[in-house]
Amino acid sequence: MLGLSFLLGQRRANKATNMPFESGVLSVGSPQIQMSVEFYLVAIFFVIFDLETVFIFAWAVAFFELGWEGFLAIAAFIFILGVALVYELSTGALDWGIKRGSGRHPEELH
Amino acid sequence: MSASDFLAIAPLLVLAAGATAVMLQIAFMRSVPVTAILSMVALLLAALSCVSAAAITPLQVGALLSADQFSLLFTALFCVAGAVTCGLSLDYIRHHGDEPEEYFLLIVLATLGAGVLAYANHLASLLLGLELLSVSLYALIAYPNRSLLPLEAASKYLVLSGAASATLLFGFALLYAGTGTLAFAELGEKLGQAEMGTGLLMAGSAMIFAGLAFKLSLVPFHLWTPDVYDGAPAPISGFLASVGKAAVFVALLRLFLEADLFRYYKLVQLTGLTAILSMLAGNLLALLQTNIKRMLAYSSIAHLGYLLMVFMICLDTGSRALAVEAAMFYLIAYTATTIAAFGLLTLINESQVEREQVQLQQVSGLFWRQPLLAGLMLVALLSLAGIPLTAGFIGKFYLFTAAVSGGNWVLLAALILGSAIGIYYYLRVVFYMTRGADEHKHTVTLSPGWSGSALSCLLIASILVLGIVPQTLMAYLRSIL
Amino acid sequence: MDGLMVPMEHVLVVAGLLFTCGLFGLMLRRNIIFMLMSLEVMLNSAALAFVTAGAHWAQADGQVMFMLILTVAAAEVAVGLGLVLQIQRRFKTLDMDRANRLRG
Amino acid sequence: MSELGTITFGLLIILAAVGGAAVLTWFERRLLGIWQDRYGPNRLGPLGAFQVLADMLKLLTKDDWVPPFADRLVFVFAPTAIVVAMMLGFAVVPFGPELYVLDINIGLLFFLGMTSLAVYSVLLGGLASNNKYALLGGLRSAAQMVSYEVFMGLSLMGVVMLTGSFSMRAIVEAQQDLWYCIPQVLGLFTFMIAGIAESHRLPFDLPEAEHELTAGFHTEYGGMKFAMFMLGEYLGLILISCMITTLFFGGWLGPVLPPLVWFCLKVFALICFFVLLRAAIPRPRYDQLMSLGWKVMLPLTLFNLLLTGAVALWMEG
Amino acid sequence: MMLQLILLLLVAGVVAWQAERFSSTLPRWVTVVAVLLALLMLIANLGGIPAERFTLVSYPGEPQGWLMYSQHAWIPRFGISLEFGMDGLSLLLLLLTLGLGLVAVVSSWDEIEFKPGLFQANLLWTLAGVAGVFLALDLFLFFLFWEVMLIPMYLLIAIWGHEKRAYAAMKFFIFTQVSGLLMLLSIVVLAFQGAGEDGISFSYSDLLASAPTGRAGMLTMLGFFIAFTVKLPGFPFHTWLPDAHTQAPTAGSVLLAGILLKTGAYGLLRFCIPLFPEASMQFAPVAMGLGVLGIVYGAILAFAQSDFKRLVAYSSVSHMGFVLLGLYAWNSLALQGAIMQMVAHGVSTAALFMMAGALQHRLHTRDMFRMGGLWQQAPRMGACAMFFAVASLGLPGMGNFVAEFLVLAGLFAVSPWMTAAAALGLITAAVYSLWMMQQAFQGRPDNNREMADFGVREMSAMLVMMAVLLGLGLYPQPLFDLTQPVLEGLLPRMSEPMSALPRLLSEVSP
């Protein structure tokens with residue numbers, strides 16, 4: 001489909017076409033901007049939590065075989081996971097904008 | 001899992017619960033003293049629970065953990081060391097980090113990792129313990145966020161230690177491929193009858209050895225050590241040098257003993273060579289330092305070299321028990337001593353933010369201004385140098401005895417040569433401390449708080465007690481083998 | 001015994017090659033992000049070796065180790081990324097040679 | 001099914017899915033029009049049904065433009081990735097008792113894996129464009145997708161627990177007596193939300209929020225490559241509907257009518273429901289979106305797991 | 001009693017240290033009182049021993065052979081106990097230690113202004129360590145004291161020493177420490193050699209029974225020999241000594257020269273030779289050769305010095321060469337001579353160092369070229385200097401003469417050739433001693449210089465030491481009586497291997 005489009009597509013080139021589109025406003029500054037730290041935090045959280053889910057997956061498949069013992073084990077696991085989540089949320093790691101946990105403004109962090 | 005299983009791993013459970021509790025406490029109420037006390041209570045409780053757990057050992061808990069006197073002893077040691085580190089850094093970290101609470105949480109986690117290592121008799125638990133310890137340490141090293149050096153040290157340690165972990169894991173994988181088992185003891189059995197190419201197993205064990213040698217900072221894998229120790233906050237350097245090393249060593253020792261890797265004569269010879277190189281290079285390089293932290297870093301390389309002698313000695317089955325006993329005593333003495341030495345650096349750097357005061361000139365005349373702190377350093381240095389009446393001497397004597405019993409004369413020669421060089425740089429610090437206070441301007445002005453003073457006294461006392469009346473510990477060590 | 005379609009040694013060789021790639025990457029790259037990536041490659045090559053060995057012996061242990069390694073790698077990377085952020089902010093570079101202030 | 005048959009069937013499914021997605025662009029607008037009391041496309045053909053064809057032609061003849069400041073290879077690769085990933089996702093969907101491309105014992109994991117691949121597409125697209133808005137959009141989108149992905153998998157674990165398998169067919173067959181939408185109502189709820197967020201449909205279309213970011217990660221995209229992104233999104237919608245049908249509404253199960261018909265009916269109903277959602281619910285703020293994911297949905301799925309586990313074990317005896 | 005004596009000195013050290021808080025003179029008095037108390041304690045306990053015990057031959061290895069013996073459990077894991085034993089030899093050296101301890105305090109009475117409490121504490125701790133060395137029978141315990149006495153000594157030099165104190169202290173410590181490690185190695189080897197079913201033992205009596213022979217015995221013996229020779233100091237391990245003596249404060253030099261060197265000789269006599277009769281016999285020619293070399297070399301270098309203290313230090317090297325010779329000649333005469341030399345040299349050198357200290361305190365230099373004519377300005381000082389200088393060169397009537405004569409006489413029976421070479425040392429001793437007198441005390445006085453003579457305190461110490469030396473020279477019999485039983489116990493142990501010594505020596509002589 002892409003190939004077809006390449007063949008059929010019209011060619012047009014002018015100055016404006018080859019500039020980054022910012023709703024008609026001329027681009028200011030480099031696109032290599034400093035990202036808000038929250039994005040990295042989310043990425044890191046994802047990496048951690050997604051891996052935790054792997055362990056839960058493993059338990060879920062063998063759920064009936066493991067019985068109550070397995071249930072208690074995973075409950076402990078989920079409890080710790082929950083505590084970690086509570087900790088992270090309360091430190092304001094996911095608060096976009098003003099940080100709650102530290103009582104400081106995000107500018108100070110940068 | 002039965003109740004006795006839970007009791008057997010109670011120290012680990014207490015540590016884990018403690019970490020969780022600390023985390024909750026931080027989440028709901030930030031307060032440095034509360035966190036510190038909570039962490040220390042958790043660590044001390046864990047140490048205490050080792051005593052009650054000792055009643056039902058030895059016990060294999062699940063496939064991964066082996067609760068015996070050996071693991072309990074070292075878990076207790078690590079817990080106490082962790083608690084002392086917490087206490088020492090109480091004032092330090094307030095000046096160096098913005099949110100010091102997590103610092104204590106990380107110490108508890110690192111101690112948990114060390115405890116798991118002490119318990120590990122399965123490659124999986126070894127991996128878990130090792131990484132729990134290392135990852136907590138990365139964060140701890142980078143903790144003081146007002147200075148650039150810790151950051152650099154942490155990233156260096158992270159990258160290199162990660163590479164070491166990967167090497168280690170690859171080695172494990174090769175062993176697993178060759179034997180089909182991950183438990184130490186079974187590994188030993190299978191290795192005895194392995195049909196797989198021994199090349200695979202040799203490569204595997206060599207990689208494991210390289211990985212662990214890196215973690216223990218043995219020559220030639222030692223290059224990271226001085227930089228990391230120098231850049232890391234002083235209490236963490238101490239923790240890294242003592243608990244970080246001791247835990248890995250304990251696990252390595254157990255791996256070798258239970259899997260009987262001593263049958264790989266070449267591998268053991270490799271350890272011997274590494275030991276000699278570490279003793280000599282560590283001491284020689286320490287000679288060149290004027291920075292006390294770097295000096296202690298190189299000296300820790302040398303000390304791990306001394307310890308590594310044990311593997312060579314173990315080749316002689318008649319001396320094996322004595323060698324292991326020697327290693328245990330040396331580890332305990334070394335842990336106490338190292339924490340004391342870095343403890344001094346912690347206490348004199350409490351309010352220093354950018355570059356820590358660790359140059360020799362900066363301790364000039366400390367003896368006259370802060371006799372207690374200087375006494376702490378003096379005792380620690382004498383113990384490191386192996387002068388009698390200190391724990392370090394008894395440890396070295398143990399190694400001597402074991403090596404003589406095993407007839408390892410070359411190692412002994414290296415040990416004596418290394419110790420000889422060592423005396424020089426240890427005494428140099430003592431000399432600087434006893435100089436007239438007015439000879440240098442860039443000296444330290446400080447007064448340790450009550451917790452610092454109390455812990456200093458405790459450390460001095462423990463080093464001296466171990467050095468003067470070691471019999472109780474010796475008898476205990478002998479009884480647990 | 002052998003639950004693999006291809007001989008275990010072949011896969012192990014591949015894993016070894018991957019490991020070597022990672023090691024070289026680690027040694028040659030100076031940008032810390034790439035160093036972390038090389039680290040991941042090394043860890044994952046070990047994980048691959050475990051899975052292979054586990055399949056060879058028809059045991060679940062290899063996969064368990066694989067999961068543990070994944071977790072470990074994640075933890076390392078999580079801390080690593082945190083450090084990267086700090087380094088970028090404080091040193092204004094990710095080049096580890098230029099961020100070298102410690103002697104030696 | 002023979003190997004050749006499988007391939008043919010796979011191609012058929014792909015064609016059907018793409019066709020379905022294409023029709024959906026028109027259908028959605030019509031439906032929205034009805035619900036929002038306006039017209040929607042109504043000029044071409046009966047009820048404007050030829051609009052699809054017109055759009056298609058237009059897109060094909062557009063300038064196949066790659067911005068000179070972009071990373072060329074990645075820029076072209078990014079939009080295809082999402083389409084391929086979504087199409088592969090269809091492979092594990094059982095349309096009937098014997099109607100499937102793949103029946104592997106990790107079917108569900110395969111699906112989760114494929115949906116996670118989509119994040120590469122938007123992230124790389126945003127990065128390769130070398131445009132501030134695209135980058136921000138890409139990052140936002142990636143953050144959103146990964147946040148919701150965590151509990152997307154978890155929300156399905158209740159189903160897995162009850163079935164004891166990751167195989168889609170096994171899951172459907174386990175619903176003979178009771179559809180999982182009853183015992184797993186929490187799971188259904190969370191999975192649905194996660195699914196919407198994964199395919200960034202309204203109300204979770206923050207990454208491409210026109211007001212803030214021009215068009216988000218595909219700002220610089222045009223022509224067929226832009227269409228690919230759109231195609232991916234609609235494919236995602238269909239895929240999610242298929243999954244919900246399979247996992248919670250008994251898949252092909254149903255009385256009288258043939259299985260495939262049942263399946264299609266259910267999917268169609270779900271699609272209508274999703275369109276209704278789009279019409280009815282306003283878009284949240286970005287931080288609200290993230291909080292919802294981490295603070296409400298993740299704990300909710302974990303709770304669901306424990307609840308399911310406890311109840312299931314209780315009833316087991 | 002012996003443990004208590006050591007503890008007394010240790011605790012007194014702590015008391016003296018803390019006494020500094022109240023007054024700067026108090027620590028000195030604490031030291032004096034402590035040493036006197038220790039002496040008193042020793043004498044009081046000796047009173048309890050029946051007189052005939054002093055004449056009984058005491059065979060080492062039999063607990064009843066000791067005048068005093070005590071044993072307490074310490075580290076049973078390695079068969080280590082707090083085993084102390086005292087015979088005539090230890091008693092003699094203990095008396096010397098305590099006596100010179102007093103001299104050291106007196107000599108530095110007002111020299112030390114910086115932290116006098118800690119200074120006195122280190123002094124006392126050194127004394128405690130040395131006392132432990134002379135009394136310990138368990139080899140581990142012996143090693144412990146051997147090493148422990150170094151630390152206060154190191155601190156004495158490093159804190160209160162002169163210009164190059166860091167270098168000197170470090171050199172001293174490293175030399176002795178490294179050789180100490182060799183000894184520890186030998187001790188451990190020895191202990192394993194004699195390991196029985198009930199584990200290893202470090203007890204002297206047990207180890208005497210299990211001396212290794214052959215090459216192992218030789219190597220093990222060398223470990224001991226090097227450690228003791230470094231401390232003695234014998235050629236070529238003497239290089240730490242001139243530096244340490246020169247840089248140490250007066251009291252430090254007194255202790256170093258007077259007592260610490262004797263621990264080396266004591267170790268050779270008590271441990272090195274009896275534990276390894278065979279190896280020692282084979283090694284004796286070398287050891288004696290080193291002794292001769294030490295005598296000659298020390299004397300020549302002493303002559304080349306301009307620094308008063310350095311000169312005395314090198315003369316010590318020379319004098320201790322006699323001790324080495326006497327010990328390895330291993331007959332009753334030579335051994336008595338060696339023991340006499342230990343005591344006499346201890347006293348005379350201590351006096352000379354005290355003299356040097358007094359001069360430096362008054363003139364702020366040790367350079368003899370900047371002295372001259374002191375006799376006129378300080379006649380009492382001159383007289384004392386003259387006395388000890390001639391004592392040191394071995395004038396008949398002094399202890400030193402008796403000692404050197406006995407050594408040479410005993411040696412002659414073994415090797416006339418070596419006797420001749422050693423006698424050369426006596427002549428050079430006369431040269432450097434008199435040269436020193438001439439440079440410092442004769443000649444034209446510097447009139448710009450004000451110098452106080454010895455006061456009552458210093459004079460009384462000097463007079464006591466003079467009396468001791470004269471006593472030893474004129475009536476040495478009590479000393480011989482005290483040590484004879486010890487030697488009689490030791491000699492038979494060695495008689496068989498040592499009988500081959502003259503033949504061995506004649507083979508190596510030209």
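**Close-up 1. The interface between chain C and chain B in the predicted model.** The contact draws on 44 residues of chain C and 47 residues of chain B, in a model that is predicted. About 3700 Å² is buried between chain C and chain B, and 76% of this area falls on carbon and sulfur atoms. The count of salt bridges between chain C and chain B is zero, whereas six residue pairs, both members at pLDDT 80 or more, are in polar contact across this interface. On the side of chain C that touches chain B, the elements contributing two or more residues are helix H1 (8-28), helix H2 (32-56) and helix H3 (61-91) of chain C. Of these, H3(C) supplies the largest share of that side, namely 15 residues.

**Close-up 2. The largest nonpolar core.** This core has 458 residues, and the members that touch the most others are B:Phe74, E:Phe224, E:Phe308 and E:Tyr328. Helix H14 of chain B (residues 320-348) provides the largest share of the core, with 21 residues. Within chain E, both domain 1 (1-275) and domain 2 (292-510) give residues to this core, which therefore lies between the two domains. Apart from this core lies another, of 107 residues, including D:Phe27, D:Met152, D:Leu154 and D:Leu313.

**Close-up 3. The surroundings of E:Phe308.** E:Phe308 is one of the residues that touch the most other members of the largest nonpolar core. When neighbours within four places in sequence are left aside, the residues in contact with E:Phe308 include E:Leu352, E:Leu359, E:Ala356, E:Ala440 and E:Phe441. Among the other contacts of E:Phe308 are E:Met355, E:Met368, E:Met371 and E:Met436, together with E:Arg366.

**Close-up 4. The buried residue B:Ser134 in its helix.** B:Ser134 is part of helix H6 of chain B, which spans residues 123-141. Because its relative accessibility is 2%, under the 20% limit, B:Ser134 counts as buried. Beyond residues up to four places away in sequence, B:Ser134 touches B:Tyr157, B:Ser161 and B:Lys215. B:Ala110 stands 24 residues from B:Ser134 along the chain, and the C-alpha atoms of these two residues are separated by 7.4 Å.

**Close-up 5. The buried residue E:Ser348 and its contacts.** E:Ser348 belongs to helix H14 of chain E, which covers residues 332-363. With a relative accessibility of 1%, E:Ser348 counts as buried. Not counting residues up to four places away in sequence, E:Ser348 touches E:Phe388, E:Asn400 and E:Leu469.

How values were computed: Residues numbered from 1 in each chain as written. Chains lettered and ligands numbered in written order. Predicted model: local features only at pLDDT ≥ 70, side-chain atom pairs only at ≥ 80, totals over all residues. Heavy atoms only, no water. Core = buried A, V, L, I, M, F, W, Y, C linked by side-chain atoms within 4.5 Å. Buried < 20%, exposed > 50% of the residue type's maximum accessible area, 1.4 Å probe, protein only. Helix = DSSP H or I, 4+ residues; strand = E, 2+ residues; numbered from the N terminus. Domains from an automatic or database assignment. Contact = heavy atoms within 4.5 Å. Buried area = accessible area lost by both parts, 1.4 Å probe. Salt bridge = Lys/Arg side-chain N within 4 Å of Asp/Glu carboxyl O. Polar contact = N/O pair within 3.5 Å; in protein donor to acceptor, adjacent residues only side chain to side chain.
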